[in-house]
Amino acid sequence: MSVPRSPFPSASKNKPSPINSPSLPEELFNNQHSTSKLPPLSTTDTLSQPLIRSTMYVVPNNTGLFERIGVPLMLVIQPRIMSVCVERDSMARCGQCTSYVCEYTKVEGCTFNCNICGAKNRTENEVTDLENTLIVGAREDAVADENELNDGEMTSKHFFNTRERHSVLLFCLECTNTAYYQQCVSALESIFTSDEPPTTATHALFFVFSDTLRVPYRRNGVYYEKVLLDNKIFLDTSVMVPIDQVDAHFIARLRAIRSNGKSVLTLPLALIAHFSRLVEFTKVLLFTRENVMSESDYTTLIDDFMENRVVFNLFGVRGVVESPLNRIVVSTNGRSYMGKGELVGGRESKDEGLVYGAGMRSNGGSARELSRIRDSLAERGDGMMGSSDVGKGAGVNRNVYDNEKDETYRLAKNLRECVEETVMYDVKCEVKTSDYVRRNNIYANSAEEVAMSFPVVHMTDRCTISYTFYVDGMLDGPVYVQCVLYYRDIADFKRKALIMNIKLRTSDNYSSIYNHLSMDTIFSYYVKVLASEIGRMEENRKFVMGNVVRTLRTYRMSTQGSQDNHLVLPESIKNLPVLVSALFKNRAFNTMVGLFNVRTISNWPVRDVLRYFYPRMFSLDAFYDKRDLKDVMCARLQYEQLHDGEGYVIENGQVVYFYLLKMVEHRADEHELEELIASFVSEEKEMIESLKEQIDTYYGRELLVRFVRNDSEILGMMVEDRIGEYKCYNEFLCEIHYKIRS
């Protein structure tokens, strides 16, 4: 296949490349075993990870210098590690700007000078223990009692929430598709009848619908059902089942419910909206296979969710991702689990939006075939094989670890993840900064992305809120930022305030500024920019590329003795180009389903964002020797790094891929491959379980597993190679070098 000539110098195929490209896996490995880099990269397994991560820890001290360097000043608030905080009942605040006292406040007995505004304050008691603080029982906002009934309602929100606080799991299950309904009930059974039932809610509520809607519940140990033909219903607390009463008998009665006719989605949607207005802490899980949710239906739900503390999760629902309301969908922090082969945007889509690469069948491992497959990656939006394509004709049952394509397993896992997710409801974030640092944009799972102080329906332990800032004047001293996250904890229903502070030095010295840049947090910013608006994808790519070039050009100009024919990279961000290259090559940005997933991923903690776009790859032999992932040197994401006779593991925080194809002598022999996989699982069970346990512990959740049966399944993850029209890593560096010099 001919490649058009580039307007910039490319890496020579016959001569050594003039660019010695840095290795990201090597940097991550070295940082894992060194404490010299502060703060440590997000991938470092250490207790010193901060609650707030910044793109830079030395800020340019004037507007002109800030603009010339081009690095965005962004703070990522990561409350998932809030266990390091000190709990207290109250905390002294500045009388002028209302900032809380912190470790950067100058304190003298009962007097303190606010580090944000400089005002002098006095307190009754001496101020001590000024680290990150969690205030329990923060001041409640005044809320008028809602005793009036809305149109069509027969009970009020005040009735539900003044007598007793509830946190409810609302399961809305369609029973028209019998096979899918039984899968859902089995998934519920695996959760509620386990040794560790859910602890994130006090009650469960079940809506089972077809052309009618049934509400099964228990009272005094007896099973009842309410059958509804419309939404004119009096809902009281008796229909909510305490979590400990959802036992095997209740599940059996739930399983026995049968469909009476064609499914109608209008009634359950009306009841969900009605109930979400009554109970403040509701987590909705909607399961349907026979319905397409219209935009008007979804708008009705969203209007309710934005006013109430509701988490919304979709399982198998079609049509929603076609809606322009995707941004608001993300604002509920919920998920959309699309079924395989569902129609989205008028064409077939496999629900592998979280996975790279395409799934074209290949009969061999030749360079010509690999090149053809790589070229096709850029042309196909769906990009994945269906479950029926995997292992077809092999005649060997899939092993228990190979669960990524098992729809029943995936359903149970996704359901368990939703149910067990720790949630902070009624979240509000406030940010205060010292003089001449101004807030710019907010990136969060909220519908109000341009507001400066805004409410979020809820946050999970995997969500972050990010603020960008700009320098608007001359900075004479350090920059202080205080972030206060107000929320309600469903464990005790108390209003709490998580107080986080960060101090950033200022300087006009280029070396000092560039030495304290945070590569992974800067990359997280680029992901947020690219995922922000699908209609401006090309403009956003150019913005990211231009930002990288400006930062490196300024560094080159500030470096003494730099040579025109060399690309000079700052040590702190020397691997930023490979991450940007990987970002541009990710195929998820080409479809609405993929973009929906990436928008959610972009607001994950920095570490998870980096691992998703640049997966971790290592050989099984390396893990077998070390037995500890922290001691394993990972390989660069190049296909040539996969050596004959060795097996490999590739994980991106979503799926753990076992790649054994290099261990098979005849690549096209599927039966031989299935026998190898079966033998590997049988003989290396202990190692597999140890590896899986370490990876799951690292992420704090269970990852799916897939045994790769075709090279095309992992080629999209080889982000340092050429993929379609996107250049290989060395050529991408050449392009950056050309743009810097031009």
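In the predicted model, isoleucine 723 is located in the loop that joins helix H20 (712–715) to helix H21 (729–741). Because its relative accessibility is 1%, isoleucine 723 is classed as buried, the threshold for that class being under 20%. Although isoleucine 723 and lysine 585 are separated by 138 residues in sequence, their C-alpha atoms lie 7.0 Å apart in space.

Asparagine 501 belongs to strand S24, which spans residues 494–507. A polar contact of 2.8 Å links the side chain of asparagine 501 to the side chain of glutamine 482.

Helix packing was examined around helix H4. The axis of H4 (residues 178–192) comes within 9 Å of the axis of helix H10 (residues 407–420), and the two cross at roughly 50°. The two helices H4 and H10 are therefore oblique to each other, and the crossing in which H4 passes H10 is right-handed. On the H4 side, the contact is formed by Tyr180, Gln183, Cys184, Ala187, Leu188, Ser190 and Ile191; these residues meet Glu407, Thr408, Leu411, Ala412, Leu415, Arg416 and Val419 of H10. By residue class, the contact of H4 with H10 comprises nine nonpolar, three polar and two charged residues.

H4 also packs against helix H5 (residues 248–255), with axes that come within 10 Å and cross at roughly 175°. Since angles over 145 degrees fall in the antiparallel class, H4 is roughly antiparallel to H5. In this contact, Tyr181, Gln182, Val185, Ser186, Leu188 and Glu189 of H4 meet Ile251, Leu254 and Arg255 of H5. The residues involved in the contact of H4 with H5 are divided into five nonpolar, two polar and two charged. Leu188 of H4 is listed in the contact with H10 and also in the contact with H5.

Backbone geometry was considered at two loop positions. Most residues other than glycine have a negative phi. Threonine 98 is situated in the loop between strand S4 (86–88) and strand S5 (106–108), and its relative accessibility of 36% makes it partly exposed. Arginine 627 likewise is not a glycine and has a positive phi of about 65°. The loop that holds arginine 627 runs between helix H17 (620–626) and strand S26 (648–651). With a relative accessibility of 35%, arginine 627 is also counted as partly exposed.

Technical notes:
Residues are numbered from 1 along each chain as its sequence is written. This is a predicted model: local features need pLDDT of at least 70, side-chain atom pairs count only at pLDDT 80 or more; totals for chains, interfaces and linings use all residues. Side-chain values use heavy atoms; hydrogens and water are left out. Helices (H or I, at least four residues) and strands (E, at least two) are DSSP runs, numbered from the N terminus. A polar contact is a pair of N or O atoms within 3.5 Å; within protein, one must be able to donate a hydrogen and the other to accept it, and residues adjacent in sequence count only if both atoms are side-chain atoms. Axes are lines fitted to C-alpha atoms, for helices over the stretch in contact, and angles run from 0 to 180 degrees between N-to-C directions. Angles under 35 degrees count as roughly parallel, over 145 as roughly antiparallel, 65 to 115 as roughly perpendicular and the rest as oblique. A crossing is left-handed if the near helix is turned anticlockwise from the far one by less than a right angle, and right-handed if clockwise. Contact means heavy atoms within 4.5 Å. Ala, Val, Leu, Ile, Met, Phe, Trp, Tyr, Cys and Pro count as nonpolar, Asp, Glu, Lys and Arg as charged, and the others, Gly among them, as polar. Buried means under 20% relative accessible area, exposed over 50%, partly exposed in between (1.4 Å probe, protein chains only).
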